Structure formats: structure tokens, C-alpha cells
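Subject: Handing over a structure

Dear colleague,

Please find below the structure that I am passing on to you, followed by an account of what was found in it.

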Amino acid sequence: MRARSYFVGAAFALLAAGMGHSALAEDIKIGEINSYSLLPSFTEPYRKGWQLAVEEINAAGGINGKKLVVVSKDDGGKPADAQTAANELVSSEGVAMLTGTFLSNIGLAVSDFANQKKVFFLAAEPLTDAVTWAKGNKYTFRLRPSNYMQAAMLVEAASKLPAKRWATIAPNYEYGQSAVAVFKKLMSEKRPDIQWVDEQWPPQGKIDAGPVVQAVAQANPEAILNVTFGPDLVKLVREGNTRGLFKGREVVSFLTGEPEYLDPLKDETPEGWIVTGYPWYSIKTPEHDAFLKAYQAKYNDYPRLGSIVGYQTIKAAAAILAKAGSTDTDKLIAAAEGISMPSPFGEITFRKIDHQSTLGAFVGKTAQKDGKGVMVDASYKKGSDYLPSDAEVEKLRPKD
Amino acid sequence: MAFYVVQFLTGLASAASLFLVASGLSIIFGVTRIVNFAHGAFYMIGAYIAFTLTERFSGAFGFWGGVVMAALAVALIGVLVEMVLLRRIYHAPELFQLLGTFGLTLMVEDLVVLIWGPDDLVGRRAPGFKGAVDFFGQNIPSYDLFLIVLGPVVLGILWLLFQRTRWGVLVRAATQDRDMVAALGVNQKWLFTSVFAVGVFLAALGGALQIPRDAVHHAMDLRIIVEVFVVVVIGGLGSIVGAFVAAVLVSELNAFGILIFPKISIILVFLVMAAVLIVRPWGLFGKPEAAARKTPGLSVNPWRPLTSNERLASLAALVIAALLPLFAGNYALTVGSEIAIFVIFAVSLHFLMSVGGLASFGHAAYFGLGAYGVAFLAKMAGLPMIVCLLLGPLLGCMGAAVFGFFAVQLSGVYFAMLTLAFAQIVWSIAFQWVSVTGGDNGILGVWPASWAASPSHFYWLALGVAALVTIALRIAVFSPFGYALRATRDSLLRSEAVGINAKRIQWTAFVIAGTTAGIGGALFAYLKGSVFPDNLGISLSVDALVMVLLGGVETVSGGVIGAIVYKALNIWLVSQTDLSKLVLGGFIVLIVVVFPKGIVGMLEMLAQRRRKSPPPGSSLLAKPIESAE
């Protein structure tokens, strides 16, 4: 069943790509790049999300009467290949803008490409703060809440914990490093009494979980910050459960509440971790209900966070194109700066000051229900509440 | 104290998982001399099938039965692969089998996602081994204890198998000298098939046994394959005991290393391997390889410079390529530039591999160093593009000079693995030294100067450099230096007997190849406008190997053709289909079966057959000389 639905999805994607080639001159084309072959657990729901958005937009009359076409490319997880794809989209497909990307280094590579070639780029997922701050440029906008914002959301809850001795476990690459650095900085500002007693840096995708768990336990922390995700998280949780690492300890964890990472854990899901994520089953707002209904009707499957990101990326792109009334890059930038639009999580705005959207995330606790992992006590944190002051942002971002 | 004991036991459990997979690889390599890149893929399929079986059948019998059944099923797949694919290419040039198994690996990565879906799968815990044992207040998972026992048990069974059975005697004999075993009338076909089946069974068992502690996903193969290779090489190829000791050594060093340097895991195995190989060139328990009974000279036509007609044809091809900007768009030109750069890269590796007989598994290091050299000069020193292009490759040259000195002391697969270790060390420096290299976020904004910025200008630049580099290396091949290098490749002893300083010649070749790769890297940095640790990574090194093997390792121009075909196909497939790995892998497997001498090798053979009356005098040489096997 699963295999078949994948085949159908692939066929649709091929069809979509084929349609891209034969698109009429009046159509508006958007180029989309993501790590489809490297990270299918995220990018498959992501693809479904944006396909739903395209369908809705065109059913509602397209963009100012013109049909929207998305041309999608795989980057295989390599920055150099992402640039080849970006080049193809811009030079031969003639797309109005670039969107997508998951990994931070690929997001930065495409952002640099956009800056050089003067193309509008809406980054969907890459979390690194550098995309909008240290290496930000006038052509690049980003949808998802950055590392800094997610850290700030978690710190708000973590700083209320009594724990004073903290240990960290994070994958050894930029994302893990910057997540830990921001979390430590914000945490130590709020709680000068905190001690950092151990840090573990397993290589991404290659955690040797037993020794890592043992080493953390040896430092005897009262609380643990986890930044690992995907298969690494599974191994860490399993070893941690068996060895009793999490017993009597608070755990704060990035992204663990996202269905992509929480669902595989099933009956191994640890209880009471403070996490960011997406509890699609307990969000009761009209905007989200509408999205959920449409998604389930089309795919007969529940959405993951990737679905939201894919959906909203294309919705945002369409809103920007509609407002600009043109595919001219400068007009798109002018239209995007400060634009507000609805999203399944409520209204969001792309800030003029750093091109970051105010899309937020849910913070809650993990729990088990019928042998499945869920997020409980979840509340939505608006992105706008967790960004530094404008003066600080000015300092972080190079002048255009 | 209890903590250190538990940490030691935890390390042993990791070692046991590693050993299972490594022992299979070691046996396969020892007997068949196949660098089985697909070993990780078999490990992964083992885990996937075991997941399905253990989900379907519950209870202790269901679980353990499922694990064993999965391993057996994968062993059957292994037999099929050996009989259908590998049997056809045992007589192909060394390492060509690597290409075939690489193609298989690509296919499997897409196939598992098609069959089992994109989500990470978490299987059941092992019945009877779900909890932990208390050891002075520290918990040891009982499954870890099971693995700790299983490792030595498997080692013991393998030992008995090799020491006490006729089959084992044959395997050991073949490991030592397979030509002699063949000469004594042993049916090699079935020996190889059975060895391959046992090796694959062990890999799949290793994968299946990961179910209670790991998630099953489509990148498991790459996660383990390199590490396992390293373990096998540290232990000494073909030595099961060596693989066991090496697995324990690596796992324990990691378990205790992270207590002091939490970031060490990323590079530890490669540091250990580099250290071991420099001190003991054949690994801890390995023996010097028996001198291969290769016929001096190759099994294909002897090399000769191009005839004047062929020169004209090449020139015409170059002119046509140079006219591309007149009718192609910007995208095609950028792809053209990329292909030209990869021609430089492939030609440089080809020089080392085909002319020098030194297959490097870490050639991307020098490509990447060239790219980083340019990025440093352009971003930090602010030098103009021409200066950067001239000076940037020097970083590749220096890297090659230092690492090459150590690497050429070894030969064969040990040489390859030492180059891999060095490349990984360079990669991890680029990855870790965030303040200088930007870590994995790389160095951005290395764009070409305005005179080269337009796609057509850059294309002409890349094409021109590629042509110059190719011509220069061809001249080197047919220079006295080239002849000396080929002499060291064909017979080290004889070349030294006639007074050639083999190590110095090989070292010089290594530096030439490294510098040339650096030139490619320097151009690549400007093409992409950015430099990432990826540019030094394993996958790029593998790409280069694939290009050379695809073109034909025993030919003079294989690198050029291989690079053009592979790169163009890769870019086109990734752009056109979501299943690019499946199609590309299938294509590679097909090429391997149909053209076991590579594309150029095959063309040369066809040309040879067509030539109705070969000129007198060359007829003797022109006859393919069969290898002695």
C-alpha cells in the first residue's frame, strides 16, 4: 500500500515536472529545491504539502488570474548540486523565484546564489540563524522559526525548572553547535546559577548511543538538553530508556515533538520531555482545521510538520507574487517586506528588518497514548515574541 | 570504577555489532579481492527484512527466527548478485568490481524507500533482552551483554569453520594465493559464491541484530560501510581475528575518547587507521600481499600516443565544444563548465590510478584543498581571481606532498585506505575548524571576477584549462617520467633493478595528481561561488573513482570520457527523475556487465576488431594478452 502511494506520488511529481516544461508563457513558475532523496521522511510530507497548496491556489483562480506552476528539483543533500538545480531553474526554466531547501548549508548556498544572481529566494526550512542574520542578504527570506527562536521558546520553559546542573547532547555540525550555543547563552542570562557539567557531540547520523548515554549519566546532570533528531534520536532514547538516563531528570529537546521524529518512537516515547513540535491532533483553530481537512481528504494521511512547511512556503510565495503583481525581483522584495498572510498556525508576517517570518512553533511535553508518542499541554508560541530587539538584529545583519 | 567497567562493556557491545559486519567484508575481500562497496547495502536490507518479519511474527520464536530468516534471505540475494553480476567481472581490471557494487548500493538506497516507505522504522526489542542488568548502580542493557557474548561466539564459529573444515582450508588457501588454488584444480566459481554468501549472511545478520537498538532507515548503509572498511584494514585484510581486535580497539577508544574529547567520534577511526598503517603497513594482523602474478603489461592494447588523425579528431572535438556558447543557453554552459572541471579532476586521478597503478580513495582531499585555497585567498587576503586561481591549487599540492609521502610507502588497498584516512582527516579539519573554514556552513561569496562572470566566459576558461591539463598529463604519460612510472606499476622489483627510484617516482606522480585535482577544485570554487566540506568528502572521492573506472582504467583517455558521461548523466537524471539513484545505479551495473573494460576500453576493443589488417610488427602486441588467472 505504502509502496503504491509512493509510486503514485512519484508519478504525480514527474507529471508536474513534465507540465512545467510545457507551461504556457502566461503561467507563473516557481522553482523549488529540496533534499528529496536524502531526507524522504521529511520531504515526502513536505512535497504533499506544497502540492496541496498549488492545487488550492489554482482552484481559487491562480495568482492574479495566472496559473501557478511549481518546478521541483532534488539536491541530494549537496550544496553544489543545489546550486546546479538553482541555476537550471533560473536559467532554463525561467522561474520567478526560488523556494525550498532543508539543510542549513544548502539554504546558505542557495541564498548566496540568489544574492549573486539577483533572484528572490524564500527559504523554507533551514534553521541556521546565519540565513537571516550573519549571512543574510536582501534577496533571501525565511519561513520557519530559526534556531534562535526555537531556543528562546524552549528556554522560556526550561528556565523555570529547578535544575541547576545541565548536560547537552547535540549532533556535531553547525545546527547542533549553534542550537547549543544559543540555548546556553539565553539560559545563562536568565539563570546565572546554572552549571554546564557535560557536553556530548556525536557525529550526525552515527551516534554510538551506549557510550554517550553512559558518559552523560556519569556527569550526573539534573537536566539534559538534546538536539539530536531522526535515527540518532531513536538510538539515544532507546539506550537512555534501558540505562535509566532519563529517570528523575528533566529533558529539553529541539524538534522532538514533530511527528517526523516523534512517531517512530512509538512505545519507547519518553514521558515529560519539553519539546518543540507540531501536535496536529490537538490544534483547534479554524485555520488549522481547514488545512487538516483538506490534507486528509487529498492524501488520506495525517500531516507532518514538513506538510505545513511545504504548504505555507508555496502559499507565502503566492501571496508575495500576488501582492507584487509582477515577477520582477525588486518588486517581489518590496512586496515581501512586511507582508502579512494567513497560515494554518494563524497570521504571520515577513519582517522587513531581517526577512524572517513570524511563524511560530508549539511547545509542549511528550507523553504516550495507546503506545504512540504525542505532545500534550502544547501551546503555540508566536515567532514575533521570541526574536531579539530590532537594535540587536541591526547589529547582527550585514548592511545590504 | 563501576562506571569504567560499564563503559568498557558498552564499548564491547558496539565492537560486536561492528565485528559481525566487518568479518563478512574481510572474508569476501580476502578470497575474491572484491572491494565490496555493497556490503553496507546488504547490512541495510538485512535490517529491513528483519523488521518486516519480526513485526509479522510475534514472540521469541518470531523474533529470533525472523532475524535468522532475514540474514538467510539476504544471503540468497547475495548469491544471486554474485552469480549474475560479479562472476562476469572477476577478470576485469582490479577495483572494477567496486564500480559494480557501487551501482548496486545506489539502487538499493532508492529501492528500500520504494518498498518500505520514507519513514524511519523502529522495530521490536528482543524478547528476553528488554531490560538492563544492575552493576553497582550502573545499568547495562541485557541486549548489550548478549552482543558481547555473540561477538566471540561468531569469531569462534568462524575459526572452527576455517580451521576444521575442508571448505575453510580452501578459503584460507585462496586468501593466501588464489592462483595456486585454481591451479590445483579447485572449482573457484563455487568457492567464491559460497564465500560471498557467508560474507553477506554476516552483514545481514549484523543489520538484523540492530533492530532492537537502532532505527531502520535508508541511509544505514553509508553510515556503516566506511567504518567497517576501516576496521577490516586496521585488522589486516582477510584476518578475522584482526577484524575482531580492530573492532574492539576502535569501539573502546571511542567509548573512552568521548569522555575527554566529546567531538572525537567524527574522526577517531580514521586517526587510528592512519596511525596503524604508517607503523604496520598491512594492518595489525595482516600479512604482506603475495606478489600478484600479473603479466607485465596489460591485458589490453599497449598504450601509444595519438596518431595524427586522432589528434585532428580531438582538436575538432575541442573546437566543437568551444563553439557551444554560440547555440547553448546559460544553464547548459554552466553544466558544461562543471563537466570540464570534473574532467580535470578525473584525469588527475586517472593519472595516479592508471599510469601509476595507485588507486586513491581520497582524491577529493586535493580537489577540496584547491577550492579552500582559493576561498582563503579570495575572502581573507582579497586577492584577484587570476592570482587565486594560480596560487589556490598550491594548497592541494602541499597536501599531496605531505600525505603522498606516507601513502606511497604502501600499495594496493592499503594505499587506498591510507589516502582515504588522510582525506577524512582533512575533511574533519574543514568541518570542525569553524572559525577559519566556517564549518559545514562553508565559505560563501567566492564569485568570479567580472571578466569571467558570464557563463560563456567561464565555460571557455574551464574548457581551456581542462584541455591544457589533459594535454599536459598525456605528454607526461609518454615522457621518460611516464615510462618510469608505468614501470613501477607493472613490476616494482624489475623497475628498481634497472635503477628507478620507485618511491620517489610514485611520490612525484602523487604530487602531480594532487596539484591537478587542486586546479579543478580552484575552478569549482569559482563556479559555485562557495566552498563546503563536501568538496573534500568521501562521496566526491567515490565519484572520481567511478568516473575513471567507467571510462576504463586501462586506457589513456578513460578519465576524460568517464567524467563526461558520468557527470552529464548524473546532472540530467537528478533533474529529470525522483529515482535518480535507482536509474543511475542500474545504468552503472549495466555498463559493468556489458563493458567490463570501461567505455573507452570497449571502444578500443571494437576498433581493434574492425581493423582488418593490422600493420605488421604490431600484430603480436595487439593481441590481447590474457592474464594468468
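UniProt positions are given in the numbering used here, feature names are shortened, and annotations may be inferred rather than shown by experiment. With that in mind, UniProt, in an unreviewed entry, places the feature "domain: Leucine-binding protein" at residues 41-366 of chain A.

Please note that this is a predicted model, in which local features need pLDDT of at least 70 and side-chain atom pairs count only at pLDDT 80 or more, while totals for chains, interfaces and linings use all residues. Residues are numbered from 1 along each chain as its sequence is written, and chains are lettered from A and ligands numbered from 1 in the order in which they are written.

Over residues 41-366, chain A is 45% helix and 17% strand, with the end C-alpha atoms 20 Å apart; helices (H or I, at least four residues) and strands (E, at least two) are DSSP runs, numbered from the N terminus.

The domain assignment, whose bounds come from an automatic or database source, divides chain A into domain 1 (2-145 + 284-359) and domain 2 (148-280 + 361-391). The C-alpha centres of these two domains of chain A lie 28 Å apart, and 21 residues of domain 1 are in contact with 18 residues of domain 2, where contact requires that C-beta atoms, placed from the backbone, lie within 7 Å. On the side of domain 1 of chain A that touches domain 2, α11(A) supplies the largest share, three residues. That side of domain 1 has 11 nonpolar, eight polar and two charged residues, with Ala, Val, Leu, Ile, Met, Phe, Trp, Tyr, Cys and Pro counted as nonpolar, Asp, Glu, Lys and Arg as charged, and the others, Gly among them, as polar.

Chain A also holds an open sheet of seven strands, in the order β7-β6-β8-β9-β10-β13-β14 and with mixed pairing, two strands being paired if DSSP finds at least two bridges between them. Strands β7 (195-200) and β14 (372-381) of chain A stand at the edges with a single partner strand each, so one side of each is left without a neighbour in the sheet. Within this sheet, β6 (residues 165-169) and β8 (residues 223-226) of chain A run parallel and are joined by four bridges, and W166(A) stands opposite A223(A) in β8(A).

Finally, the contact between the chains takes 65 residues from chain A and 61 residues from chain B. Helix α1 (residues 2-32) of chain B gives the most to the side of chain B that touches chain A, with seven residues, and that side divides into 25 nonpolar, 23 polar and 13 charged residues.

With best wishes

Key:
Two residues are in contact if their C-beta atoms, placed from the backbone, lie within 7 Å.
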